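Student: I have a model open on my screen and would like to go through it with you. Could we start with how some of the helices pack?

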Amino acid sequence: MELFVDTAIVEEIKKAKELGIVKGVTTNPSLIAKSGRSVKDVINEITTLIDGPISAEVDESDAETMIKQGIEYSKMHKNIVIKLPLTQDGIKACKALTEQNIKTNVTLVFSPAQALLAMEAGATYVSPFLGRMDDAGFDAKKLIRDICEVRDYYGYSTQTIAASIRNVEHMNIAMLAGSDIATVPLKIIEKMYEHPLTTQGLKIFAADSKKK
Ligand code: G3P
C-alpha cells in the first residue's frame, strides 16, 4: 500500500519527503486554508518537492465551473490530480475531465454505491473517509473492502485512497481492508514508527553494547 501525505503545509511535505516513503500528496480546502496560502501557490510549490500524484481540490460548484477550474489546475503540472466532490455535478466533471485524460480523485465517499458512480465516470482515485466513518459509528474497514470488491468484480481500474486517517489504528484498518493507498497526516506517519517494545528493545541493546 502506498503512502501519501495529507497536508498543504510545505514544511510538513519536506519532512515527509525526507522520510523516503511518501509517494504523493493530497490537499483539500480545509488543509489549504490552514496553510494560509492560495491553492495555486501551494500546489505549485508542492510540484517542486514531490514527484508523484498531487491532489488539488476544485471549489464545489456546477459541473461546468468545476471542469474549467480542473483544466486550469491540471495545466500547472503533469502530476496534478483534480479532486472533485461526490455530487451529481462532481461526477459529471469527473467524466468530462477523464475524457480529456486528466486524472481525478473523487472525494467524500462513504458508500460503495457512491464509489461505483465515481468508477463509472472513470475516476483515477476514490477517497473513502475513514475517520469520519468511525466518528459516525460506521464500519470503515467494510466500506473499503466493499469498494475494492465491487471495483475488482466489475473490472474498474480506480484506486482507493483511504483518507481522514486520524490515528495508527485507522492505518491498520486501511491496510487490512486492502486499500491501494492511504493519505496520512505527517504526525500519524511519524507515529507509525513508534512501538513501546521497539523503544525498550533499543534501550536493552544500547546497554548491552556498552558491556563489550
Ligand atoms: O483527506 C481528507 C482529510 O484531510 C480529512 O480529514 O480529519 O478532517 O476527517 P478529517
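Tutor: Helix α4 (residues 63-74) packs on helix α5 (residues 88-99) at an angle of about 45°, and their axes are 8 Å apart. α4 is therefore oblique to α5, since angles under 35 degrees count as roughly parallel, over 145 as roughly antiparallel, 65 to 115 as roughly perpendicular and the rest as oblique. Axes here are lines fitted to C-alpha atoms, for helices over the stretch in contact, and angles run from 0 to 180 degrees between N-to-C directions. Helices (H or I, at least four residues) and strands (E, at least two) are DSSP runs, numbered from the N terminus.

Student: Before I go on, what sort of model is this, and how are residues numbered?

Tutor: It is a predicted model, in which local features need pLDDT of at least 70 and side-chain atom pairs count only at pLDDT 80 or more, while totals for chains, interfaces and linings use all residues. Residues are numbered from 1 along each chain as its sequence is written, and side-chain values use heavy atoms, with hydrogens and water left out.

Student: Back to α4 and α5: which residues make the contact?

Tutor: On the α4 side they are Ala-63, Met-66, Ile-67, Gly-70 and Ile-71, and on the α5 side Asp-89, Gly-90, Lys-92, Ala-93, Ala-96 and Leu-97, where contact means heavy atoms within 4.5 Å. These divide into 7 nonpolar, 2 polar and 2 charged residues, with Ala, Val, Leu, Ile, Met, Phe, Trp, Tyr, Cys and Pro counted as nonpolar, Asp, Glu, Lys and Arg as charged, and the others, Gly among them, as polar.

Student: And the strands, what do they close into?

Tutor: There are 8 strands that close into a barrel, in the order β1-β2-β3-β4-β5-β6-β7-β8, with parallel pairing; two strands pair if DSSP finds at least two bridges between them. From one strand to the next the twist averages 30°.

Student: How many bridges join β3 to β4?

Tutor: Strand β3 (residues 54-57) is joined to strand β4 (residues 80-85) by 4 bridges, and the two run parallel. Ile-54, for instance, has Ile-80 in β4 as its bridge partner.

Student: Which strands does α8 lie across?

Tutor: Helix α8 (residues 140-154) lies across β5 (104-109), β6 (125-128) and β7 (159-162), and runs at about 170° to β7.

Student: What about α8 against α9, at what angle do they pack?

Tutor: α8 and α9 pack at an angle of about 30°, with their axes 9 Å apart, so α8 is roughly parallel to α9. Ala-140, Lys-141, Ile-144 and Arg-145 of α8 meet Ile-173, Ala-174, Leu-176 and Ala-177 of α9, a contact with 6 nonpolar, no polar and 2 charged residues.

Student: Changing topic, where is Asn-101, and is it buried or exposed?

Tutor: Asn-101 sits in the loop between α5 and β5, and its phi is near 60°, a positive value in a residue other than glycine. It counts as exposed because its relative accessibility is 74%; buried means under 20% relative accessible area, exposed over 50%, and partly exposed in between (1.4 Å probe, protein chains only).

Student: And Ser-164, buried or exposed?

Tutor: Ser-164 counts as buried, because its relative accessibility is 11%. Its place is in the loop between β7 and α9 (168-177), and the phi of Ser-164 is also near 60°, again a positive value in a residue other than glycine.
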